[in-house]
Amino acid sequence: YAGVGYLKAGLQAADAITTVSPTYAGEIRSPAYGMGLEGIILARSNRVSGLVNGIDSHEWNPASDGHLPARFDAAHIAARSRNRRALEAEFGLDAGDGPLFIAVSRLTWQKGMDVLVEGIDHLVGMGGRLALLGTGEDAIVQGLHAAAARHPGKVAIRIGYDEALAHRMQGGGDAILVPSRFEPCGLTQLYGLAYGCVPVVSRTGGLADTVIDANPAALAAGVATGIQMNAVDYPSLAMAINRTVALFAQPDQWKRLQKNGMRADFSWTVSAGAYAALYRRLIAGRG
């Protein structure tokens with residue numbers, strides 16, 4: 001476009017083009033996600049691969065995590081209740097029968113945090129509570145502060161970055177909200193799966209690839225790991241919250257969701273194997 005684009009040159013010359021999830025590899029071939037580079041990506045689509053990120057399974061392991069009041073694994077998931085009580089106390093939240101939602105995120109439009117602000121009253125009205133950690137756009141931060149003021153004991157926020165607290169939130173929260181408008185892969189939903197904190201995500205990028213929606217077929221097959229929402233807007237978020245609350249009220253179903261997620265393997269062992277296989281093909285000249 002009458003300019004020099006080094007990224008475009010790299011895409012043109014590369015033997016292989018990788019991004020961090022299969023769905024995102026497809027999304028960037030469209031104008032909505034390609035940001036002006038969709039044409040060249042589409043033209044070189046036979047060279048494009050989407051390889052899901054991994055997580056550090058030593059750092060993010062609830063069975064050995066020193067940040068947690070109580071360590072646990074999929075076979076001893078009842079121990080999470082101690083972490084939940086500790087998290088409620090740390091955030092000054094009332095105990096409750098409904099799910100404790102968490103969000104650990106940059107507070108930006110891309111992450112869908114503006115829609116979360118809109119949906120907090122509904123979340124509380126459905127019997128949920130929210131603990132949030134993040135930093136970002138002033139308007140979103142102000143909206144969160146206002147929601148916390150409207151719902152003392154139900155909504156609490158921490159503005160900033162705190163790695164240890166993020167671990168405690170994953171280990172004690174019931175569900176993690178990730179309503180991103182686009183997400184090449186995402187890591188917080190993977191941490192949620194590993195810690196039995198059920199992901200509630202938008203159906204985009206790596207979120208779509210890593211979370212199996214608890215639709216009737218997936219529930220019947222016993223493979224569901226979370227809840228997906230079709231769009232990033234208030235009606236979709238409200239529906240996802242409703243579904244989460246309904247599933248949480250069925251302890252056996254909820255525990256199955258948790259255990260399915262905890263038993264999934266999103267370690268770098270799997271991801272590194274996919275990269276190694278790609279590199280072997282390149283070295284062999286097969287592209």
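**Exercise 1.** Which residues line the second largest pocket?

*Solution.* The model is predicted. Start with the volume: the second largest pocket has about 300 Å³. Next, list its lining: Ile77, Ala78, Arg80, Ser81, Arg84, Asp174, Phe248, Pro251, Trp254, Lys255 and Gln258. Now assign elements. H13 gives the most, with four.

**Exercise 2.** Describe how helix H12 packs on helix H13.

*Solution.* First, locate the pair: H12 spans residues 234–248 and H13 spans residues 251–263. Their axes lie 7 Å apart, at an angle of about 110°. Angles from 65 to 115 degrees count as roughly perpendicular, so H12 is roughly perpendicular to H13. Then find the contact. H12 brings Thr244, Leu247 and Phe248. H13 answers with Pro251, Gln253, Trp254 and Leu257. The contact residues comprise five nonpolar, two polar and no charged.

**Exercise 3.** Which residues are the closest to the centre of the largest pocket?

*Solution.* The largest pocket holds about 500 Å³ of space. Its lining has 24 residues, and the closest to the centre are Val104, Ser105, Arg106, Tyr161 and Thr188. Last, classify the lining: ten nonpolar, nine polar and five charged residues.

Notes:
Residues are numbered from 1 along each chain as its sequence is written. This is a predicted model: local features need pLDDT of at least 70, side-chain atom pairs count only at pLDDT 80 or more; totals for chains, interfaces and linings use all residues. Side-chain values use heavy atoms; hydrogens and water are left out. Axes are lines fitted to C-alpha atoms, for helices over the stretch in contact, and angles run from 0 to 180 degrees between N-to-C directions. Helices (H or I, at least four residues) and strands (E, at least two) are DSSP runs, numbered from the N terminus. Angles under 35 degrees count as roughly parallel, over 145 as roughly antiparallel, 65 to 115 as roughly perpendicular and the rest as oblique. Contact means heavy atoms within 4.5 Å. Ala, Val, Leu, Ile, Met, Phe, Trp, Tyr, Cys and Pro count as nonpolar, Asp, Glu, Lys and Arg as charged, and the others, Gly among them, as polar. On a 1 Å grid over the protein atoms alone, a cavity is a set of points where a 1.4 Å probe fits but cannot get out, and a pocket is an open set with protein on both sides within 12 Å along at least five of seven lines; lining residues have an atom within 4 Å of a point. Grid points are joined across faces, edges and corners, and a volume is the space filled by probe spheres set on the points.
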